Amino acid sequence: MTAALETRRLAKHFGGIIATNDVSLTVKHGARHALIGPNGAGKTTLINLLTGVLAPSQGSIHLEGKDITGIGRAARVKLGLARTFQVNSLFAEFTPFETLTMTIGERLGIGSQWWRKLRGRPEIEKEAEDLLETFHLVDVGDRPTKSMAYGKQRLLEIAIAFACKPKVMLLDEPAAGVPESESAEIFQALAALPPDVTVLLIEHDMHLVFRFADRITVMVNGAVFAQGAPDQIARDPRVRAVYLGEDA
Amino acid sequence: MISFLRHGIATASESAKRHRWFYEALFWAAIVLAALLFPSQHLLMIEISIIALFALSLDLLLGYAGVVSLGHAAFFGFGAYLAGLLALHGIVREPVLAMLLTGLISGLIGLAASTLVLRGSDLTKIMVTLGLALVFYEIANRLTWLTGGADGMTGIEIAPLLGLFEFDFFGHIGLAYCLVVLFLLFIVARCVVDSPFGWSIKAIRDNPTRASAIGVPTHRRLMAMFALSAAYAGIAGALLTQTTSFVSLSVLHFERSADVLLMLLLGGTGYLYGGLVGAVIFKLLHSWIASLTPEYWQFWIGAFLVAIVLLRRASIRSALASIGERFRPAGHAQGRAR
């Protein structure tokens, strides 16, 4: 069986700096795969390579066996690769409901239709309402996004990516900056993602990582440093030294 | 509790929607009424409706796609000259058909131009649009054999509208023609901005990075919107030629690009009526101030604009947004029941 997402000897150089060094990563179908590493380990660069923001210097990226290395950003989404952003990146003027109907419309391939209203399509509005429900956004669904609490905005981040009906979701620090009191909602939302959706989670919060992930990859200096099941990683003395040691 | 909230939102937005329709009907009725009440002013009203359409075309680009253009006269002027050539050489005699063809070709020119404009930062876009308009101006100036150069294109005869209605000296037919075109194109514009395409354009304006991250092909969509805007501008130019039977270099002048931007800023961007309201305000201010101080009317228009912007917080963008908010009866509270 092919992997959901795979990189083969992926590398990215910025001049003399090697941001991503020979990364071969395999994310299995339905996995909850966490990517951790100290600051500057190359996690963000890797996300940018996976989503097509940056072009790799070497190597290739495969989504369900298909080589997507040379494919554009929007086209990767259509193929089933969606992402969230570490820093909220939303449509400030839209309400969550509008954001989601627009996203669903785009996924259904009617994004270039100009002769019919987006609103008033029951199948789309029903799905958007369901998403608001799933992601605890019902009570703010009709408010402009910019007026929403930070935690709700984090939830909308995930809801948008999920509205793309991805096969693989890249979650870039979904709980970043969320106060303790609101993080439970985020954890719930992540736990509620259907098992057939593959998740690659980039996260600093070890609590979230060990609770959520069934496999962990540790990156250091742009390269894969260690890989394995959570308890394996937790016991690995090398990992403790270079990474967990910093926090502990 | 939630269902109660929903219900409240739904009823509020339904009444807002009814109100919106009411105000909109009032707006267009007022225009028709003005046309009936002041038959001696039809030539002025033609002028206003043409620049209103031109401002509407810029609103599609600036207000919805967030692309600032300082050279929108390029497409207006292109349309004006093309309509002139079509009539002058008897290529397409019937005005409506000629107008539609002009719109189509202006749109294609816009599509080609968009590949140059839609790159780099806002400043780059402004400079490229400005440069394009200057290039168009100079081309029209040099190709004397085609455009008449600085003397303008003369001897244009416009055939009767739909083969039935002869354009008259008082502008009665001309005004009816321009208002019908303005109204229909307004309806189309409304349709476009409410459509999935229109929403994706607004999404790109708000956050292009996120838009592409949900699968919106941002560059293609912006190109399409640019082309549409250029088509509208070209049609406005064609209307000017057809109602005046004359084309001068002023259709491509920088002042025309600047004025239309000014009008749109006066009226507010991003709710479609801004260009229409702005054109009326601009023209009325123009004639009022010009009657007081004939030489310095632009000074006062400029001072007025500066005052608006400064009074409405620092940035032009938010100034426009808050002005637009006032004129937009339904506002952001357009609930999902719509």
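Start by selecting A:Leu171, which stands opposite A:Leu201 in β8(A). This is a predicted model, with local features needing pLDDT of at least 70 and side-chain atom pairs counted only at pLDDT 80 or more, while totals for chains, interfaces and linings use all residues. Residues are numbered from 1 along each chain as its sequence is written, with chains lettered from A in the order in which they are written.

Now show β7 (168-172) and β8 (198-202) of chain A: they pair in the parallel sense over five bridges. (Strands are DSSP E runs of at least two residues and helices H or I runs of at least four, numbered from the N terminus; strands pair if DSSP finds at least two bridges between them.) Widen the selection to the open, mixed sheet of six strands, β6-β7-β8-β3-β9-β10 in chain A. β6 (81-83) and β10 (223-228) of chain A each have a single partner, so one side of each lacks a neighbour in the sheet.

Next, the contact between chains (C-beta atoms, placed from the backbone, within 7 Å): 35 residues come from chain A and 27 residues from chain B. On the chain A side, α3(A) gives the largest share, six residues.

Hop over to chain B and select α10, residues 218-244. Its 27 residues should span 39 Å at 1.5 Å a residue, and the end C-alpha atoms are 39 Å apart, which agrees; the expected span is 1.5 Å times one less than the number of residues. Of those 27 residues, 23 are buried (20 or more other C-beta atoms, placed from the backbone, within 10 Å of a residue's own). Finish on B:Ser245, which follows α10(B) and has a positive phi near 55°.

Definitions and conventions. Buried ≥ 20, exposed ≤ 12 C-beta atoms within 10 Å, placed from the backbone. Contact = placed C-beta atoms within 7 Å.
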